[in-house]
Amino acid sequence: MQSQVRGLAAALNCPQAVEKTCGLRLPWRWLPNRRLWANLAAAEGDSLAPPWPDLLISCGRKAALLSMAVRRASEGRVRTVHIQDPLVDPAAFDLVVVPQHDRLRGDNVLVSRGALHHVTPPLLAAAAERFADRLGGLPRPRLAVLVGGPNRYFASPPDWLRQLGGEAA
């Protein structure tokens, strides 16, 4: 999720972006998203307080509730962009960005081909230079596969990773 937010912030040329990591306190983390429950008291982690930014980019279900809370607290002055299906009416945000495989559509929904990220050609070139001694002797063509790490739904077991590597090869 951080990669998606960083990627959009970089694409929008937000050099003074401030990154905050927040979660939801109980009972909000147990509840389904609803505009009604958007409340700054739900936040735990980094502080969400004035002065409000001009633009807030959030990603993920839990962050959606906090983004709505900031928008409400700022009396609508903060422009909100949410990445991924927020599981609420997209009208709760100024813009929602979802990958094609999400089914959410609407007037303020922008559909991307895949997940947003912060991997750019200059970043790849710098990494290629940094790892040239380890990767330089490998045969071409080369393929890189970015795989998300373990989460509460999937553990990325070694057998699965080996199978993925074999299929990629």
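A pocket is found on a 1 Å grid over the protein atoms alone, as an open set of points where a 1.4 Å probe fits, with protein on both sides within 12 Å along at least five of seven lines; its lining residues have an atom within 4 Å of a point. The model is predicted, so local features need pLDDT of at least 70 and side-chain atom pairs count only at pLDDT 80 or more, while totals for chains, interfaces and linings use all residues. Residues are numbered from 1 along each chain as its sequence is written, and side-chain values use heavy atoms, with hydrogens and water left out.

**View 1. The largest pocket and its lining.** The volume of the largest pocket is about 1300 Å³, where a volume is the space filled by probe spheres set on the grid points, joined across faces, edges and corners. Among its 38 lining residues, Val-5, Lys-20, Ile-57, Ser-58 and Cys-59 are the closest to the centre. Helix 1, strand 3 and helix 2 each give two or more residues to this lining; helix 2 gives the most, with 6 residues. Helices (H or I, at least four residues) and strands (E, at least two) are DSSP runs, numbered from the N terminus. By type, the lining has 22 nonpolar, 9 polar and 7 charged residues. Here Ala, Val, Leu, Ile, Met, Phe, Trp, Tyr, Cys and Pro count as nonpolar, Asp, Glu, Lys and Arg as charged, and the others, Gly among them, as polar.

View 2. Four strands form an open sheet in the order 3-4-5-6, with parallel pairing; two strands pair if DSSP finds at least two bridges between them. Strand 3 (55-59) and strand 6 (109-112) are the edge strands, each pairing on one side only. From one strand to the next, the twist averages 20°. Strand 5 (residues 95-99) pairs with strand 6 over 4 bridges, and Val-96 stands opposite Val-109 in strand 6.

**View 3. Two helices across the sheet.** Helix 1 (residues 2-11) lies across strand 3 and strand 4 (79-83), at about 150° to strand 3. Helix 2 (residues 61-73) also lies across strand 3 and strand 4, at about 160° to strand 3. Axes are lines fitted to C-alpha atoms, for helices over the stretch in contact, and angles run from 0 to 180 degrees between N-to-C directions; contact means heavy atoms within 4.5 Å.

**View 4. The second largest pocket.** This pocket holds about 440 Å³ of space. Of its 15 lining residues, Leu-124, Ala-128, Leu-135, Arg-142 and Ala-144 lie nearest the centre. Helix 3 (121-130) and helix 4 (132-135) each give two or more residues, and the largest share, 3 residues, comes from helix 3.
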